[in-house]
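Hello,

Here is the structure we talked about handing over. Please open it alongside this note, and my findings follow below.

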Amino acid sequence: MAKVLTIKDIEKCVGCALCMYACARRLPKRPFIGYDHSGILAISLSGFERGATIIVCRACIEPPCSQVCPTDALVPRKGGGVIYKEKYCIGCDNCIEACTISAIFKRRDGKVALCVHCGYCADFCPHGVLEYREVEA
Amino acid sequence: MSDFDVKKVLHIDLNEYSYFVEEREMEFGGVALATKLLSENIDEGVEPLSEDNVIVFAVGPFTPAYPFASKTVALFKSPLTGNLGESHAGGRSATAIANAGYDAIVIKGGSTKPVYLVIENEKVHFRDARVIWGIEDSLITGRIIAEKEKGRGIRTIMRIGGAGERLVSYAGVMTETYRHFGRTGLGAVFGSKLLKALVVIGKGTKTPADPKAFREVYKKIFDLATTSDAMKKYYLIGTPVNVSPLNELRALPTRNLEVAYFEKADEISGEKFAEFNLGRRIACNHCPTACIHIAALRIPYEEEPYFHKTIMISYDYELIYALGSMLGIADREALLKLIYRVEVYGLDAMSTGVCLAWATEALKRGIVSEKETLMKLNFGDAESYIRAIDNLYLQPNDFYLNLAKGVEVASSVYGGKEFALAFGGNEMPGYHTGAGGYVGYLIGLRHSHLDNAGYSLDQKLKDDLEPDKLVDKLVEEESWRQILSSLVICFFARGVYTPEIVVEAFKPLGIEMGEEELREEGRNIYLEKLRLKKKLGFDFSQLRIPNRIFEVETFRGKIDGEYIEKALNYYKEKYFDAI
């Protein structure tokens, strides 16, 4: 069965951004330090006095980002969301525009960062905000 | 060559609205790097509130590689103590600076009109701040800048409130609303440069030298932080968990330290705040602990039925001590309102509480009159303290003008030095634990209780140490904490980052450093910093000990003045005069 990353309880988010660092570290052979390669974003709600939240791919079944990708770098994935074929990405930013919840991020090298539903970040969410769970494909 | 071999320092000149990047080789960051940079860039006799003062911000090699390395160290000349000023803050400050690609930022000069700075990786923007200058509320200032600038989630917005603009000597710089460069007056230095805020937006990336080991060590630190007891004190009740035990020990300074036991301490204990007021917890960036406890305070508008506001106020032990027990405040809601006021203006809570406690006693003793204080001040009366805090910002007369310079200055003008509770010019923290604590405040390099182990030695040791042994122990611990401060690891995580873990964490970054080498480096950094402090005017012979501390019994008995004198003499000879 396919698995996707979901948000279990957004109100519990403390804005620590450990998910962002985990995302950047997710590739065993090429872990990055810093946010640039992170496909998840922890923000405060216009100041931490209003709390914090997470912006991340909702695993659409019909992903608009994939529909506007001119090079098929974003291919729909079983269970929802997309597979990102980085080498085909020309950095046109169509996907960034197309994502209704702004969950695709521009990297400094021109390409994009987005959640590919690997679930690595959920292991480092200290407060049970993120959950990696099975879905019907 | 690894990504960690070269340090990048961004130099900004507010006189000419220019900047450049300097590259330098050095293994350490944080305090070690900031000490070097300030020494190189500041003139000895500089006036703290002149444009010639220099501000250095520095982060460390573990930022943002590992959790907890999220403190930014700020060094500058302090308007409060008149010598080296140092303050550390978390939030997103350190990780944003590191992600933007910098190890340190040096700010020189002063603007002719109010500005705020936006650092966006390699670019620095000088923004017109004339319209927002004069907004006394640091929260509003933060919100305005947050709406205008980009980079949500990956930026820090360090800003001053009204206290910084009006040069209160203990004004702080706020970041991400609830974290502060609180102590020793960085806010006033910002204000004197007409610098309203510093925004840093970062999106950089580094790669470890050993990818596999990096992920393993990271996991180990993460597991230590989340599954061991090392951080328990901070993630459950938070730092206010100390209120009750310190009170039971007779170590909680109360009503300007007339006593060290607050009969109503239970009302302002961490447990009571957690039970009745805790509304949310948040974390500094890259910290799994989330020690920031925020109270939700619902306030009705008395004149308008069914109209309420709810404000969120972060509380910690030091605030509860300084604005609670020290002022005799036992009503939690009143205490939260005082904390909120201090947050709005961007004052240091500890200095504010100690100054107001001194003013209350001075008024009671007739050293000053209501002509000076402009109102009655009584321990326990929060309403008048709210107005007194407004006056620290407004400075409507000479008395508040002096009190805004700290309790050292105010007591020099009006008298009452024997109960003016400052050490080295900095108002005391909330630990009347014994000689160890006070010697620690007097010789501590940044006059922060967190930098030395004095107050904790008092609690842990069964028997009194000889004065020289005590001093050696304090210096040894403070030297190790220079390493933590150079790695900018939050001191709350010092139980996680043992020397062994530090050595292990260095390796995947391509840095080899043994434990003994680390300790030696810590001693060097300590001495370098002491040298800088001396150069900036720290005069050992001017240290003053308020008599009050000898009058109030600690749980170890009364503090012996001779013991402290011996300790100070030993310190002077062995460390201070030796450099």
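Start at A:Leu41, which is in strand S2 (residues 41–44) of chain A. One caution before going on: this is a predicted model.

A:Leu41 is buried, because its relative accessible area is 9% and the limit for buried is under 20%. What does A:Leu41 touch, leaving out residues up to four places away in sequence? In chain A, the partners are A:Met20, A:Thr53, A:Ile54, A:Ile55 and A:Phe105. In chain B, they are B:Arg152, B:Gly153 and B:Ile154. A:Val116 is 75 residues from A:Leu41 in sequence, and the two C-alpha atoms are 14 Å apart in space.

Next, the backbone. Most residues other than glycine have a negative phi, and most peptide bonds are trans.

- A:Asp93 is not a glycine, yet its phi is positive, about 75°. A:Asp93 sits in the loop between strand S5 (82–84) and helix H3 (94–98) of chain A. Its relative accessible area is 26%, so A:Asp93 is partly exposed.
- B:Glu176 is not a glycine either, and has a positive phi of about 50°. Its loop runs between strand S10 (173–175) and strand S11 (179–181) of chain B. Is B:Glu176 buried or exposed? B:Glu176 counts as buried, at 8% relative accessibility.
- B:Thr63 and B:Pro64 are joined by a cis peptide bond, with omega about -5°. B:Pro64 belongs to the loop between strand S3 (55–58) and strand S4 (72–77) of chain B.

Now the helices of chain B. Two packed helices are described by the angle between their axes and the distance between the axes.

Helix H19 (residues 467–486) packs against helix H21 (residues 515–535) at about 95°, with the axes 8 Å apart. That angle makes H19(B) roughly perpendicular to H21(B). From H19(B), the contact uses B:Val475, B:Glu478, B:Ser479, B:Trp480, B:Gln482, B:Ile483 and B:Ser486. From H21(B), it uses B:Leu518, B:Arg519, B:Glu521, B:Gly522, B:Arg523, B:Ile525, B:Tyr526 and B:Lys529. By class, this contact of H19(B) with H21(B) has six nonpolar, four polar and five charged residues.

H19(B) also packs with helix H1 (residues 30–41) of chain B, at about 90° and with the axes 5 Å apart. H1(B) and H19(B) are therefore roughly perpendicular. B:Gly30, B:Val31 and B:Ala32 of H1(B) meet B:Gln482, B:Ser485 and B:Ser486 of H19(B). The contact of H1(B) with H19(B) has two nonpolar, four polar and no charged residues.

Last, the rings. How many aromatic pairs does the structure hold over all chains? The count is 31. One of them is B:Phe273 with B:Tyr315: the ring centres are 4.7 Å apart and the planes are at 25°, so this pair is stacked. B:Phe273 lies in helix H9 (residues 270–276) and B:Tyr315 in strand S15 (residues 308–315), both of chain B, so the pair ties together parts 42 residues apart in sequence. B:Phe273 and B:Tyr315 are buried.

Ring pairs also link a cluster that takes in A:Tyr120 and A:Phe124, along with chain B residues including B:Phe28, B:Phe62, B:Tyr66, B:Tyr497 and B:Phe506.

Two charges sit with rings as well. The charged end of B:Lys196 is over the ring of B:Trp133, 5.9 Å from the ring centre. B:Arg250 lies over the face of B:Tyr261, 4.0 Å from the ring centre.

Best wishes

Conventions. Residues numbered from 1 in each chain as written. Chains lettered and ligands numbered in written order. Predicted model: local features only at pLDDT ≥ 70, side-chain atom pairs only at ≥ 80, totals over all residues. Heavy atoms only, no water. Axes fitted to C-alpha atoms, helices over the stretch in contact; angles between N-to-C directions. Helix = DSSP H or I, 4+ residues; strand = E, 2+ residues; numbered from the N terminus. Parallel < 35°, antiparallel > 145°, perpendicular 65-115°, else oblique. Contact = heavy atoms within 4.5 Å. Nonpolar A, V, L, I, M, F, W, Y, C, P; charged D, E, K, R; others polar. Phe/Tyr/Trp six-rings, centres within 6.5 Å; stacked < 30°, edge-to-face > 60°. Buried < 20%, exposed > 50% of the residue type's maximum accessible area, 1.4 Å probe, protein only. Lys NZ or Arg CZ within 6 Å of the ring centre and 35° of its normal.
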